[in-house]
Amino acid sequence: MTFEWIKIPQSLLTLFIVLNYGLLLTALVQKIAARAGRRHGIPIWQNYVDLLKNYGLRTNITHGVMYYLGPVFRLSGGVGLLLFVPTIYGSEMFSNLSFAGDLILALYFIFFGTLGMALGAGESGHPHAAIGVSRGLSQVTAAELPLALAVFSVALQYHTLSVTDIVAAQQGGVAHWTLVTNPLAVVAGMFSFLGSMMRSPFDVVLAPQEIPIGPPTEYHSSYLALMQTNRAIFPVAKMVIYMNLFFGGASSWAEFCLKIFLIYMVSALVGVVFPRFRVEQSIRWFLTWAVPVGVAAILLV
Amino acid sequence: MVSPLFILAIGLGAAFGVGLLDARSRGLAFAITLAGLAAMSAIGAEWLWAFVVDGVQPIMVMTAGAPPPFAINLRMGPAEAALVAIICLTGLLSAIQMREALLRLGRRAMAVLSIAVMALSGIVLTRDVFNLFVFFELVVIATGGLVLLSDDPRATAAGFKYLVVSQVASMLMLIGIVFVYHAGGSLNVDDLIGSPAVAAGGAAGLAFLLLMIALVLETKPFPANGWALDVYEAAHPGFGAIFSAASASAALYAVDKVVGVGGAAFLPMLTAIGLVTFVGANLLALSQTVDRRLLGYSSVAQVGLVLAVIGLRDLLGERYLMVAGGLLVAHAVAKAGLFWLSELVAGRDFAAWAALRRRPILIFAFATFVAMLAGLPPFPGFYAKWELTHALMAQGRPELVAAILVGALFEAGYLFRWFGRALKATPPEGVSDLPVSKVGVVVLTALGGWVLGEVWGAASPYGDVLGATPLLVALAFLALEPLSARIKNTLAIVVLVAAFASGWPHFDPLQLIFAAIVLLGGAVIFVASYAFADGRRTGFYPSAMLMYAGLAMLIVAKDTFGFFAAWEVLTIGSYFLILRGKQSEPHALSYVVFSLGGAFAILAGFALAAETTALFPIAGLKQVAAPFAPWVFVLLAVGFMTKTASIGLHIWLPGAHAEAETDVSPMVSGILLKAGLFGLFMLLMQMGRQSLYGVDLTLVLLWIGAASALLGNLMAVFQEDAKRLLAYSSIGQMGYAVFGLALMNHLGWLMALMFVINHYIYKSSLFLSVGGVYKRTGTREMYRMGGLITLMPLTFFAVLVGIVAMSGVPPLSGFGGRWIFYNAILDTPARLPMVVIFLSGPIAFLYLFRLIHTIFLGQLKDEHRRIREAPIWLIAPQMLYVAFLIGFALFPGLALRKVDAFISRFIPEHALNWDGLTITSAYGYWNPVSIMIVIVVIFVTLLAWLVFLNRRAQMVKQFNIVFAAERPYRPETTHFAWNFFAPYRRALGPLTEPYFERFWQAQTDALHGWAGFARRFYTGDGQVYAFQVVGFVVIVCWAAMGMTP
């Protein structure tokens, strides 16, 4: 196999676009949510300010090797996830590094950052961090299940695990989207999506009031900056998968921005309406409501 | 050749001879008795040699110068010679064991002993029914006398009860003989056999029935045997040996000799009584806690089994002698040995047997006897069990097979409970010297057992287990025991590597993978054993090598016999290994009972498959047709799944793996479990899909695999004990592998193989890591640890790589398994089990994170501040595993490509396409090297950036955390660790209840409850016993009237 070195600047360009879009998008959604709560909300450039401030801060503190590596794991997870999936359909330029593996690679790579972050938080020795990880892992096991079922259903439907092929199969109008052709899988997948976005009602992991910010408690300055960078990239990277699987993918950056925004708004909308679940409640919710839909999706596909 | 008459003459002569001596010359009297018994034994042995080696024909010895029926005649044939040799040798060795008692009681006791042995020999030799009666009377009188040899005050009562019951039997016998003589006109057995009058039934039939019942009563049938049990318990153990080994053999032979007179109609009666006795006595034995009474129950049971076999002699045909002989010989040698051993033990409870541990050779003898009784290879009982089940299955008698195997399982249960207790209980205080002569007798008997094993092996048409090189090598380690552990460890490594090297060219790819894991993998684990190689480490190496020998034999087994023998060998070896753990006694017992239960299922399956073929090749499983095929499949699958600890059959695993020694846990987890997978592989490759009552059995397997994956993972989440966590995780991992196999498609099998390799590596590595932590901290409770990362960095690194690989996160090798898994399930029509397996996947993250976090991260405890990294010998193999995990992640093709091609021979569809570094399936693609490079580049770049930003970071002190501007009180209260996933437990509620443990506990309780209840019928009252005997006679008569003409 010969590697085309042009892939590297191309991937970096994808990364650059997604980072900026992610920074703006998260701020925008936060603002919308604030407005829904009759608050004014943050300025749209607030994330840039925070990021620059934290990258600028200097610290002499570390709690150990894993603590140090935690944010690196986290951001590598976000960047890797983004680059393992083609961003723009039909564009060789923005197919990124998807030659390395298919959908399964992306799905399992999601855990790379989670695991590393959890280990880093663990070494900080702060009980709140450990409590947050315990909650997060418990919740994610239940939340992942409907997604796994949805992915399985979609893969059965299109007879492929290649993201590009799945998007290709959905071309030719909204009627070809998985949303229309396999709505149960989409519903199951979107239920799972709600669980993975750290928004209410599934945000007990960070739980600001009970365990101040959960796993990242001990992180500050450049560590936190790395994680904040990831917070801009990772949700978008995840939503790219949802977009590709369920909503016909995107053949241009404009379509990309619109679809990602709308997908994000699903969780924002639910988040402003529903109060927070405790962990066992959310696990039961996923098992009672989301999993049966996923099961129906794989049986009826 | 010396005439067999001399056996009787010498016995009588010795008895009268000592009677003529002065009462005070006890030493001389004892010498004469021994000489007499030795001479009798020698005559028996000489005849045996002549029959077996020289091929001499059986002879009839006339007495009083006239042929029968005018005079009594004796027969000497191979069976008679063997039995007489056993009886006389037992008498001789028992006399040595009873030396003090005999010398104390004087010449009369010695005379009675000689008479007893002579009379027992007479029972075997004579062909005259009335003479038979006379010898029985002599035995009764002698027995009554010998019971009194014991110091036990209960012996007098036991002897009296014995006499009462014996008189009932004698009366029946005499009445029977009188009327049989009346009808048949002869007292000679051979004349009577041809006599139509007796076979015709009617009054003569009834008379014969009485005779038979009387003879059967001499074999102490269940439940009319309370008197015999009291004798066993109270008598001197030396006499117990005679009563069990010699008396029973003689009585059985008498039954065998006479039953021919009545014809085939009486045979079912014997089988029924024998089986009821076998199962009933073994069941009741379950609740026994006194060693000699337990031996009594076991004797009764074994004799019952032989009685059943006598009833089946027409059915067994020419194999009858091997079967009945094998069972009888195994019983006689083992039981005599155990009785003699019991004399070396002061107390009567099982724990007192811990005294034997002062002499390891006695433990060897004990193990030999237990294995002989349990019918394990390479002893005669094993061959007999194999032939018996095959013959019964071939004749369409599965219900008999079931009864025999259930009884045998009960028996194994109490034998191994006893053995485990002896090995694990605290030895009693006060060291008393064990007399050399008594130890010598026991050891000699044990060695005799091995010789008999070889005799039966050589005569077996299936193969000689003792002739297998791996087993011989393992046994050679017994001889090496005096060497230091370091030398033995090195030898063990060399042997395993050499075995792999020599087998390499002959393995097919599947065998190659399993052989690499067993032999090379075993060698790597042995490296860790250097950390424990102080002193001799007695018992470890023979056990471990026995397990590896079994595994090696299993992989190359060509026929079902070889496969089954290997299976049993590896089971015994691993049982001894597991038993070595400090707290492992109940878990080892549970393991061996489940394993033997599984082995019996396999045995029944093979027997059902073989039908009438003597030597059945494994490839022949392909040809097994309906309606047997699905049953064969079920039996074999259940057997194999006891080893893979599939859900429902898994309860032995957590304790067994967790309580095992540090270097044993990876052996029994990383390697031993693979035996079950190998079996399932073999089964599915040969038999493919089978359906029973319209249910696709592979679908059932699929569900079992999925449920095992889910529940194994789930239970692992809630463990506080690190090794238990890993053990439960093994159940889950094996569930995945079973699931993969049951998918019955190309990628499913490939995934199962990937799990075989991966699970060996990361589970062995993790068990060694946790073992190292245990060695340093002295605890396995994770919440007692914390913050060990800085003190044990290498161990932490190994665990980190292990859990990343296990969780399936790219870029390590676990991901390959997941990728193949996803591709495999796309090919299967069964979709619902997927839901379960999907649910179990992420749960693995929970326990893996808990493992690494609770031990290595969080708050360091005060008592651990000074601990060091684990010993280098534990670290070295872990680093090897880490290297291999990374290597296998990059180049899975090194191991999988050939296997992929091999699987294509069975399932050609949807093989993987190995195109350079990219692996493609029908659905997706995967390029391990690219993945690794991309991830490493991103990671290193970001890390470099962080280092650039944050280059001056320094470690701060432990409690320097954001804690509301306060300092935490103690690490214990700050380390969030205990019941880490409490919300998860709350959410899943009933799924986390131990239903299967409760189920099996209820079964065990019920059995023990029955046993405890039923044994109350043995009140110890002589009248009650007599009444029970009469009741037994009435019931048998009543039942037999319906069966006989």
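**Reading the two chains**

Mentor: Let us begin with contacts along the sequence. In chain A, 80% of the contacts between residues at least 6 apart in sequence join residues at least 24 apart. Please bear in mind throughout that this is a predicted model.

Trainee: Which secondary-structure elements make up chain A?

Mentor: Chain A has 11 helices and one strand. Read from the N terminus, the order of its elements is α-α-β-α-α-α-α-α-α-α-α-α.

Trainee: How does the radius of gyration of chain A compare with the globule rule?

Mentor: The general idea is to set the radius of gyration beside the value that the rule gives for the number of residues. For chain A the radius is 19 Å, close to the 19 Å given by the rule for 301 residues, so chain A is as compact as a globular protein of that length. Its C-alpha trace spans about 55 × 50 × 40 Å along the principal axes, and 60% of the 301 residues of chain A count as buried.

Trainee: How should I read the contact between the chains, and how many residues does each chain give?

Mentor: In general, the size of an interface is often given as the accessible area lost when the parts come together. Here we may count residues instead: 69 come from chain A and 64 from chain B.

Trainee: Which element gives the most to the side of chain A that touches chain B?

Mentor: Helix α5 of chain A gives the most, with 17 residues. The residues on this side of chain A divide into 42 nonpolar, 20 polar and seven charged.

Trainee: In what sense do β1(A) and strand β8 of chain B pair?

Mentor: The pairing of β1(A) with β8 (residues 954-955) of chain B is parallel, over two bridges. Within β8(B), B:M955 is the bridge partner of A:T62.

Trainee: How is chain B divided into domains?

Mentor: Domain 1 of chain B covers 1-127, and domain 2 covers 468-939. The centres of these two domains of chain B, taken over C-alpha atoms, are 56 Å apart.

Note on methods: Residues are numbered from 1 along each chain as its sequence is written. Chains are lettered from A and ligands numbered from 1 in the order in which they are written. This is a predicted model: local features need pLDDT of at least 70, side-chain atom pairs count only at pLDDT 80 or more; totals for chains, interfaces and linings use all residues. Domain bounds come from an automatic or database domain assignment. Two residues are in contact if their C-beta atoms, placed from the backbone, lie within 7 Å. Helices (H or I, at least four residues) and strands (E, at least two) are DSSP runs, numbered from the N terminus. Ala, Val, Leu, Ile, Met, Phe, Trp, Tyr, Cys and Pro count as nonpolar, Asp, Glu, Lys and Arg as charged, and the others, Gly among them, as polar. Two strands pair if DSSP finds at least two bridges between them. The radius of gyration is taken over C-alpha atoms; the globule rule is 2.2 Å times the number of residues to the power 0.38. A residue is buried if 20 or more other C-beta atoms lie within 10 Å of its own, exposed if 12 or fewer, and partly exposed in between; C-beta atoms are placed from the backbone.
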